[in-house]
Structures are given as C-alpha cells and as structure tokens.
Number of protein chains: 2
Amino acid sequence: MNTLSSLLDNNQFNLVYNMLSLGIASMLFTTVFLFVARERVAPRYRMAVMVSGTVTAIAAYHYFRMFDSFNHAFAGLEGNNSDAYNVGYRYVDWLLTVPLLLVEIVAVLGLARAIQASLLNRLVPAAAAMILLGYPGDAKLDIFDLAPSIWGALSTIPFLYILYVLFVELGKSLSRQSAPVQKKIKQLRLLLLATWGVYPITFILAMNSTGFNADEVVAREIGYSIADILAKCLFGLIIFSIARIKSAEDDKEFAKSEFRD
Amino acid sequence: MNTLSSLLDNNQFNLVYNMLSLGIASMLFTTVFLFVARERVAPRYRMAVMVSGTVTAIAAYHYFRMFDSFNHAFAGLEGNNSDAYNVGYRYVDWLLTVPLLLVEIVAVLGLARAIQASLLNRLVPAAAAMILLGYPGDAKLDIFDLAPSIWGALSTIPFLYILYVLFVELGKSLSRQSAPVQKKIKQLRLLLLATWGVYPITFILAMNSTGFNADEVVAREIGYSIADILAKCLFGLIIFSIARIKSAEDDKEFAKSEFRD
C-alpha cells in the first residue's frame with residue numbers, strides 16, 4: 001500500500017522525535033552558556049565565543065522549526081504527507097552557520113588583523129558556495145538538468161579548498177601558538193573533518209534513491225542531528241576552552257584569578 | 001482554471017517559505033549578536049550599534065508576521081486566498097527601519113553634534129516620505145485617482161535627495177576619517193544603493209500587472225528578502241566593524257586589549 005510506505009512506525013517516529021528534541025536542548029543551552037561565559041575569557045577572545053553562541057542560537061531556531069515540521073509531517077496514523085517535512089531548514093541553517101564556524105576557528109587564534117582578514121575572505125565565500133551547490137542535489141531540484149552527483153561533485157570543490165586553507169595555510173600560523181593551543185586546534189580540525197564528513201556519506205547514500213524510504217529518513221535525521229550537535233556545540237565549547245587557555249597565557253593576573261595551579 | 005492560478009506549486013511555496021525563514025533567522029540572530037557585541041566598541045559608538053540591533057529586531061518581528069501570513073495565504077491545496085497575504089508588513093517595517101538605517105550610518109561617524117543633527121534632520125524625514133509615497137502605488141490603493149507610476153515618481157524625489165545628502169554632503173565629512181573608515185563607509189553607501197535599488201526595479205515590474213501571477217509573487221518575495229537581509233544584517237555588521245575600527249583609533253588601550261597586531 002502506497003500510503004503506508006510514507007509512514008514511520010512508532011519506534012522510528014520516537015527515535016527521530018527525541019533526536020530533534022536533543023538537538024533543541026543542546027543548541028539552546030550551549031547558546032545560553034556561551035553568552036554568559038564570554039566574560040570568563042579576555043576581551044580579545046570574546047568575539048570568537050560570541051560567534052560560537054550565535055551559531056548554536058541559529059541552530060536552536062532551526063531545530064525548533066524542524067521539530068514542528070517533522071511532527072506535522074509524520075505524527076498521526078493518516079500522515080501520508082511526508083512531502084511536508086521540510087529539508088530546506090537544514091540548508092538554511094548551514095548557509096548561515098557553516099561560514100560562522102570557520103569565523104570562530106580563525107577568531108579564537110587572535111591573529112594579526114591582516115592575516116585574519118585574508119583567511120576569512122577565502123573561507124567564508126567557499127563555505128557559502130559549498131552549501132549552495134549541495135542543496136539542488138540533495139533536494140533533487142531540476143536546475144540546468146544536472147544530476148545530483150554533479151551537484152555533489154561541484155560542492156566538493158569548495159570543501160577541498162576549505163580543507164586546504166585550514167590544514168596548510170592556517171597550519172603556518174599554528175607554529176606561533178603554544179603547545180596546548182596547537183593540540184586543541186588540531187582536535188578542532190579533526191572534529192570538523194569527522195562531522196562534516198557525515199554529510200557527503202549521507203548525500204551519496206540518498207543520491208540514487210527514488211521515493212520515500214522510512215529507514216533512510218530515520219538514518220539521515222539521526223546522522224545529521226548527531227553530526228550537528230558535535231559540529232556546533234562541542235566545537236563551540238572547544239573554542240571556549242582555547243579562548244580560556246590563550247587568555248591565561250596572555251595575562252598572568254587573569255590566570256591567577258581564574259585558575260589555581 | 002482561475003482558482004488554480006492563485007496557487008503556488010510545491011517548489012515555489014517551499015522556496016518563499018525557506019527564504020522568509022532565512023529572513024527570521026538572519027534578523028533575529030544579528031540582533032542578539034549586535035546587542036551583546038556593543039560592549040566590544042567604545043561607549044561613543046555604542047548608539048550606532050544599538051540602533052543597528054534595533055533595526056534587525058524590528059525586521060525580525062515583521063518576518064515572523066510575514067512568514068505566518070504567507071503560510072496562512074498559500075499553504076494547503078485549497079488555498080485560493082492569495083489576497084490574504086499582507087504586503088503591508090514590508091511597508092510598516094520599512095517605515096520604521098529605513099530612517100533608522102540612515103541614523104546608523106550618521107551615528108557611527110562620531111561627528112560633532114551640530115553636523116550630526118543637521119544631517120539627520122534632513123535624512124530621516126526624507127526616508128519616511130519615500131516609504132509613505134511608495135506604498136499607495138505598490139498596493140494599488142485608489143487615492144486621489146493617481147496611477148501607480150505617479151506614486152513611484154513622487155517617491156523617487158526623496159530617494160534622490162537622500163542620495164545627494166549621503167554622497168555629497170556626508171562626503172564632505174569623510175575627508176576627516178581615516179583611510180580604513182573611508183573605505184568601509186564607501187562600501188556601506190554602495191551596499192545601500194544596490195539593495196535599495198531592488199525596490200524600484202520590483203516596483204516597475206509589478207506596476208502594470210493585473211491579478212495574481214505566481215512567478216511574480218515568488219520573484220518579489222525572494223528579491224525583497226535577499227535585499228532586506230543584506231540591507232539590514234550585512235549593513236549592521238559593517239556598522240559594527242566601523243565602530244570597532246574607530247574605537248581602536250581613538251584609544252590605544254582599547255586597541256591593545258581587543259586586537260593583536
């Protein structure tokens with residue numbers, strides 16, 4: 001029966017429902033924490049912490065929207081309107097948050113302004129291009145008659161460029177950072193690679209599917225939600241901890257007032 | 001069939017829906033960021049940043065309203081009540097925000113109070129007149145029996161006056177600003193010209209249309225939303241960055257605590 005194929009069973013529904021709710025809670029309270037905790041770093045690093053809080057705030061808004069959209073589309077047994085679940089929210093979210101995540105990692109290094117501007121002028125447009133080129137493939141929009149795989153390949157070009165800038169260009173500035181900061185920045189880059197890597201895997205798995213597949217929807221929502229929580233909340237908290245370490249390194253008085261060692 | 005012509009298809013609906021949601025997210029979180037980030041500029045420039053945050057806050061409210069109004073008018077297959085979509089929200093928004101955008105650009109320059117007052121006493125009434133004269137034409141109200149093109153022409157007079165004040169009068173004060181500030185102010189004026197320019201183009205395109213045209217509605221909503229996000233969020237963030245530069249120029253201690261170079 002065709003209508004039944006667009007339903008999730010109770011377990012599937014609850015799994016995604018709880019995962020989206022976990023997304024709301026994680027994003028919302030990381031935001032609150034980061035905005036209040038910005039005072040616990042030196043003024044020079046507060047912008048990085050505030051941008052981290054802005055990213056999780058934007059994501060919290062979109063998780064509220066996705067949660068409502070998911071409920072509307074799949075709650076109730078007659079729910080044969082799986083079309084009504086809006087995948088667009090994730091892309092609108094990423095369009096705003098992915099460039100800002102790169103702003104966070106650059107801002108927390110406290111680089112000279114010229115170097116910082118040069119890095120951001122390359123990373124931010126590349127991030128926006130990556131998201132904009134991915135969307136037509138994932139949403140299977142019929143633009144210029146291109147297959148989803150072509151959009152996926154196009155979107156990979158700015159992704160590789162971002163990795164080049166982060167691992168090679170930004171790597172050059174790392175030698176001037178202390179050992180604990182270097183270690184954290186390397187963790188951040190690996191976290192970014194691991195969480196952003198969920199996206200192409202999901203993209204390729206869904207690329208050739210036609211129509212509605214309940215398992216696929218469940219796997220995609222869970223995968224994206226976990227990756228999002230790690231890529232924004234954990235990422236933002238590591239940014240905060242780098243900002244704390246650097247604040248203490250810059251100012252012995254600050255170190256004494258904040259830490260005992 | 002006449003009723004069908006007042007519907008948007010699924011892709012059209014989703015495109016506008018996601019664009020209005022992007023508007024909400026951009027306006028709301030630029031507001032939060034600017035209000036918190038006002039501490040990162042010297043007291044003298046905080047008014048400019050707070051006015052920028054107020055502009056995006058007003059716009060966030062109106063995007064929530066437009067999002068709901070759009071859903072109410074176009075969601076559902078029987079939705080032949082496209083008349084119910086309220087274009088008035090954009091005009092109410094502009095009536096408040098457009099004069100305030102001009103307050104931002106004047107306030108961030110930190111001019112002598114007499115010069116500032118003289119600029120604002122001319123820019124603010126001109127901006128209000130521009131919006132009030134445009135509305136009867138765009139909404140095709142039957143006031144004094146004037147054609148939409150007449151209202152468009154009337155609204156252009158204060159627009160040209162604003163450009164004169166910004167490019168000629170305000171240009172005179174620019175010579176006393178530093179090179180980086182001059183560069184940013186010139187970017188701001190071009191951004192203002194480019195984003196406000198979307199409005200007359202849309203106005204002229206829609207001027208002679210009669211009845212409902214789905215493509216026209218979609219193009220107008222997307223055009224206005226992108227222009228609005230750039231004209232308010234990007235504009236406000238450039239104001240913030242000018243305020244940061246000028247704070248650092250005014251006060252070496254501030255510069256040292258905020259930047260490393």
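Before the first pair of helices, a definition: each axis is a line fitted to C-alpha atoms over the stretch in contact, and the angle runs from 0 to 180 degrees between N-to-C directions. Keep in mind that this is a predicted model.

So, chain B. Helix α5, residues 148-174 of chain B, packs against helix α6, residues 179-207 of chain B, at an angle of about 175 degrees. Their axes are 12 Å apart. An angle over 145 degrees counts as roughly antiparallel, which is why α5(B) and α6(B) are described as roughly antiparallel.

Which residues of α5(B) and α6(B) meet? On the α5(B) side they include B:F159, B:I162, B:L163, B:L166 and B:F167. On the α6(B) side they include B:I185, B:R189, B:L192, B:L193 and B:W196. By type, the residues of this contact between α5(B) and α6(B) divide into 14 nonpolar, 4 polar and 2 charged.

Next, helix α7 of chain B, residues 214-250. With 37 residues at 1.5 Å a residue, α7(B) should span 54 Å, and its end C-alpha atoms are 53 Å apart, so the two values agree. Of those 37 residues, 26 are buried, so α7(B) is largely enclosed by the rest of the structure.

Now two single residues. B:T30 is in helix α1 of chain B, residues 10-37. Is B:T30 buried or exposed? Its relative accessible area is 9%, and the cut-off for buried is under 20%, so B:T30 counts as buried. Setting aside neighbours within four places in sequence, B:T30 contacts B:T56, B:C233 and B:L237.

The other residue is A:L146, in the loop between α4 (113-138) and α5 (148-174) of chain A. A:L146 has a relative accessible area of 30% and is partly exposed.

Last, confidence. The model scores ipTM 0.88 and pTM 0.91. For chain A the mean pLDDT is 89, with 94% of residues at 70 or more. In chain A, confidence is highest in helix α1, residues 10-37, at 96, and lowest in helix α6, residues 179-207, at a mean of 90. Over residues 1-5 of chain A the pLDDT is below 50, and beyond near neighbours in sequence this stretch has 2 contacts in the model. Where pLDDT is low, the predicted coordinates should not be read in detail.

Methods: Residues are numbered from 1 along each chain as its sequence is written. Chains are lettered from A and ligands numbered from 1 in the order in which they are written. This is a predicted model: local features need pLDDT of at least 70, side-chain atom pairs count only at pLDDT 80 or more; totals for chains, interfaces and linings use all residues. Side-chain values use heavy atoms; hydrogens and water are left out. Helices (H or I, at least four residues) and strands (E, at least two) are DSSP runs, numbered from the N terminus. Angles under 35 degrees count as roughly parallel, over 145 as roughly antiparallel, 65 to 115 as roughly perpendicular and the rest as oblique. Contact means heavy atoms within 4.5 Å. Ala, Val, Leu, Ile, Met, Phe, Trp, Tyr, Cys and Pro count as nonpolar, Asp, Glu, Lys and Arg as charged, and the others, Gly among them, as polar. pLDDT is the predictor's confidence in each residue, from 0 to 100. The expected span of a helix is 1.5 Å times one less than its number of residues. Buried means under 20% relative accessible area, exposed over 50%, partly exposed in between (1.4 Å probe, protein chains only).
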